[in-house]
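Q: I'd like to learn how to read a few features off a model. Can we go through them one by one?

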Amino acid sequence: MKYYLYHYYEREHGPFRNLSSLSLEAGEEVLRKIKQEPDVFASNRSDDYLKIRRELENTARERFITKGGKPKKEYPHYMTLGKCEWIQGWYKDGCELRIDLEEFSPEILSFTYGDLFPTMRYKDGKEYRGQVYTKTEIMDLINRYGLPQQWNPEGKKGPERYVEVQIWDDKAIRGTFNEDSSY
C-alpha cells in the first residue's frame with residue numbers, strides 16, 4: 001500500500017510554522033494570540049502547553065535515538081500518516097499538503113500511534129501509549145490495528161485519531177515551506 005504524509009496549516013501563515021522553533025517567551029506570546037481566536041482548535045490549549053510540548057518532544061527524540069533514529073534538530077515538524085480531515089477543520093482557512101512517505105529517509109522520521117500529547121500522557125494500558133516508533137515498527141502496528149482515522153474518526157473510541165509523524169530534519173521538507181518556519 002502506498003502511504004502519504006499530510007500536513008495541515010492555516011493558509012494565511014503557510015505550512016510548517018512551528019512554536020517549538022521560538023523562545024519560550026515568544027512562543028507564549030504567539031499562543032496568547034491564538035487563544036484569542038475562538039474558532040481555532042489551538043485556542044483551547046492550556047497555559048502550560050509549550051512547557052509540556054517541549055518535554056514531550058525531548059522524550060520522543062531521546063526514544064527515537066535509542067531505536068537508531070538520527071534527528072538533525074531538537075524539535076520535529078509534524079505530519080500525519082494518511083489523510084485526517086478532522087485536523088484540517090482546526091483552522092479557519094485550513095490547507096493540506098501531501099508528500100509521499102517514500103520521499104523521506106526513515107532515519108529522520110519517528111511515529112506515534114496518535115498525537116504526541118495523548119500518546120505520551122494518556123494511561124489506559126494500550127501497548128502504543130508512551131511509545132515512539134520507527135517506520136518499520138509503525139507499519140507493523142498499523143497492520144494489527146489499522147489507521148486510527150479509519151476506526152476512530154469521531155474520537156469516540158479514545159484519544160487516538162491519527163498516526164502522527166515527527167520529521168526531525170528541515171532539509172527533508174525544504175521547498176514546502178517558507179525558510180522562516182517559526183511564527
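A: Helices (H or I, at least four residues) and strands (E, at least two) are themselves DSSP runs, numbered from the N terminus. This is a predicted model, where local features need pLDDT of at least 70, side-chain atom pairs count only at pLDDT 80 or more, and totals for chains, interfaces and linings use all residues. Residues are numbered from 1 along each chain as its sequence is written, and side-chain values use heavy atoms, with hydrogens and water left out.

Q: How many bridges join E4 to strand E5, and do they run parallel or antiparallel?
A: E4 and E5 (residues 163-167) run antiparallel and are joined by 4 bridges. Ser 110, for instance, sits opposite Gln 166 in E5.

Q: Which way do the residues of strand E4 point?
A: Leu 109 and Phe 111 go one way from E4 (residues 109-112), while Ser 110 and Thr 112 go the other, and all are buried. Buried here means under 20% relative accessible area, exposed is over 50%, and partly exposed is in between (1.4 Å probe, protein chains only).

Q: What span should helix H2 have?
A: The rule is 1.5 Å times one less than the number of residues. H2 (residues 49-66) has 18 residues and should therefore span 26 Å; the C-alpha atoms at its ends are 26 Å apart, which agrees. Buried residues in H2 include Leu 56, Ala 60 and Phe 64.

Q: What should I make of phi?
A: Most residues other than glycine have a negative phi. Phe 16 is not a glycine, yet has a positive phi of about 55 degrees. Phe 16 belongs to the loop between strand E1 (4-10) and helix H1 (24-35), and is buried at a relative accessible area of 1%. After H2 comes Gly 68, also with a positive phi, near 100 degrees.

Q: How many salt bridges are found in the whole structure?
A: The criterion is a side-chain nitrogen of Lys or Arg within 4 Å of a carboxyl oxygen of Asp or Glu. A search of the whole structure gives 14. One of them joins Lys 51 and Glu 55 (2.9 Å, N to O); both lie in helix H2, 4 residues apart, about one turn of the helix. In an α-helix, residues three or four places apart point the same way, because there are 3.6 residues a turn.

Q: Which parts of the chain does the pair Lys 135 and Glu 102 link?
A: The closest N and O atoms of Lys 135 and Glu 102 are 2.9 Å apart. The pair links distant parts of the chain, 33 residues apart: Lys 135 is in helix H5 (residues 135-145) and Glu 102 in the loop between E3 and E4. Lys 135 counts as buried at 17% relative accessibility, whereas Glu 102, at 56%, counts as exposed.

How values were computed: Pairing = 2+ DSSP bridges.
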